[in-house]
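Thanks for asking me to look this one over. My notes follow as numbered points, to be read with the structure open beside them.

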Amino acid sequence: MATAQKLILFFNFQSAVVFPNKISTEQQSLMLVKRLLAVAVSCITYLRGIFPESAYGTRYMDDVCVKILREDKNCPGSTQLVKWYVNYSAYITLP
């Protein structure tokens, strides 16, 4: 569960503004790309039914419900994918 919490805190999905209306700095742009990638991977795996429902957490962005992949002790595949993503996203940096 610690990795999933890192993923959520890293992308700050608990904040009121998940995707800001205006991007004014390179750092904000980088964070947006990371968030979009996390949402894209989660949506693809959810819609394809790759992992069970328990492997996803629910987040709301405005009026849209989004399933975000999280670590699930009963699903080692989702745990591994979350760990890979957290480790990979740490290497996405500005030049």
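1. A word on terms before we start: a residue is called buried when its relative accessible area is under 20%, exposed when that area is over 50%, and partly exposed in between. With that in hand, you can look at helix H3, where Ser78, Thr79, Val82, Tyr85 and Ser89 are buried. These residues cover an arc of only 130° around the axis, which puts them on the same side of H3. On the face turned away from that buried side, H3 carries the exposed residues Pro76 and Trp84.

2. Please keep in mind that this is a predicted model. Its mean pLDDT is 78, and 80% of the residues reach 70 or more.

3. Now for the overall layout. The protein has three helices and two strands, and their order along the sequence is α-α-β-β-α. Of its 95 residues, 34% count as buried. The exposed surface comes to about 6300 Å², with 58% of it supplied by carbon and sulfur atoms. If you take the contacts between residues at least 6 apart in sequence, 47% join residues at least 24 apart.

4. Back to H3 and its dimensions. The helix has 14 residues, and the distance from its first C-alpha to its last is 20 Å, close to the 20 Å expected at 1.5 Å a residue.

5. Leaving aside neighbours within four places in sequence, Thr79 is in contact with Glu71 and Asp72.

6. Helix H2 (residues 26-47) can be checked in a similar way. Its 22 residues should span 32 Å at 1.5 Å a residue, and the end C-alpha atoms are 31 Å apart, which agrees. The buried residues of H2 are Leu30, Lys34, Arg35, Ala38, Val39, Ser42 and Thr45. They cover an arc of only 165° around the axis, so they sit on the same side of H2. Facing away from this buried side are the exposed residues Glu26, Ile44 and Leu47. Just after H2, Gly49 takes a positive phi of about 70°.

7. Finally, the aromatic rings. How many aromatic pairs does the structure hold? There is one. Tyr46 and Tyr56 form this pair, which is edge-to-face, with 5.1 Å from centre to centre and 80° between the planes. The pair links distant parts of the chain, with Tyr46 in helix H2 and Tyr56 in strand E1 (residues 56-61), 10 residues apart. Are these two tyrosines buried or exposed? Tyr46 counts as partly exposed because its relative accessibility is 30%, whereas Tyr56, with a relative accessible area of 4%, is buried.

Technical notes
Residues numbered from 1 in each chain as written. Predicted model: local features only at pLDDT ≥ 70, side-chain atom pairs only at ≥ 80, totals over all residues. Heavy atoms only, no water. Contact = heavy atoms within 4.5 Å. Helix = DSSP H or I, 4+ residues; strand = E, 2+ residues; numbered from the N terminus. Buried < 20%, exposed > 50% of the residue type's maximum accessible area, 1.4 Å probe, protein only. Areas by Shrake-Rupley, 256 points an atom, 1.4 Å probe, with all protein chains shown as cover. Expected span 1.5 Å × (residues − 1). Arc of directions from axis to C-beta. pLDDT = per-residue confidence, 0-100. Phe/Tyr/Trp six-rings, centres within 6.5 Å; stacked < 30°, edge-to-face > 60°.
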